[in-house]
Amino acid sequence: CDLVVPQEGGLKEIDWCILISNAFDNAIRACEAAPPERRYLRLSGKRKGNLYLLLMENSCDENLKAPPPEGIGLSNIRAVLESASGTLEKTVSEGVYKLKLLFLLR
């Protein structure tokens, strides 16, 4: 984990909890489908001016070719991102799932 949560920026504490906890919940479930020796989670955040990039990367089933359908967790993340003029990108490649959240800090 390499993350510094900015104190200023307009995002409420509950919004940070929604983003991070839902990302972790999904990542943990995905890791359970990977062999134990390949399991990992990485969470990082980077700020540049008033933009913030939150990246969750984790192992997943090597046979997974596309991100799974969205559930309640990602819909909650999307709701927070909408209020922060943000975007969500999810990709899967060779047993690695990446969730990128880019949003404005005000």
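This section describes the sheet, the helix packing and an aromatic contact in a predicted model.

The model contains an open sheet of four strands. Their order is β1-β2-β4-β3, and the pairing is antiparallel. Strands of a sheet pair through backbone hydrogen bonds, either parallel or antiparallel. Strands β1 and β3 (87–93) stand at the edges. Each has a single partner strand, so one side of β1 and one side of β3 lack a neighbour in the sheet. From one strand to the next, the twist averages 15°. Helix α1 packs on this sheet. Contacts of α1 reach β1, β2 and β4. The direction of α1 makes about 20° with that of β2.

Strand β1 covers residues 41–48, and strand β2 covers residues 51–59. The two run antiparallel and are joined by eight bridges. One of the residues involved is R47, whose bridge partner in β2 is Y52.

Helix α1 spans residues 13–31, and helix α2 spans residues 72–83. They pack at an angle of about 150°, with their axes 9 Å apart. Angles over 145 degrees count as roughly antiparallel. The helices α1 and α2 are therefore roughly antiparallel to each other. Their crossing is left-handed. On the α1 side, the contact is made by D15, I18, L19, N22, A23 and N26. These residues meet G73, L74, N76, I77, V80 and L81 in α2. By class, the contact has seven nonpolar, four polar and one charged residues.

A search of the whole structure finds three aromatic pairs. One of them is formed by W16 and F103. The ring centres of W16 and F103 are 5.6 Å apart, with 65° between the planes. Planes over 60 degrees apart count as edge-to-face, and the pair of W16 and F103 is therefore edge-to-face. This pair links distant parts of the chain. W16 lies in helix α1, whereas F103 lies in strand β4 (residues 96–104). The two residues are 87 residues apart.

How values were computed: Residues numbered from 1 in each chain as written. Predicted model: local features only at pLDDT ≥ 70, side-chain atom pairs only at ≥ 80, totals over all residues. Heavy atoms only, no water. Axes fitted to C-alpha atoms, helices over the stretch in contact; angles between N-to-C directions. Parallel < 35°, antiparallel > 145°, perpendicular 65-115°, else oblique. Left-handed = near helix turned anticlockwise from the far one by under 90°. Contact = heavy atoms within 4.5 Å. Nonpolar A, V, L, I, M, F, W, Y, C, P; charged D, E, K, R; others polar. Pairing = 2+ DSSP bridges. Phe/Tyr/Trp six-rings, centres within 6.5 Å; stacked < 30°, edge-to-face > 60°.
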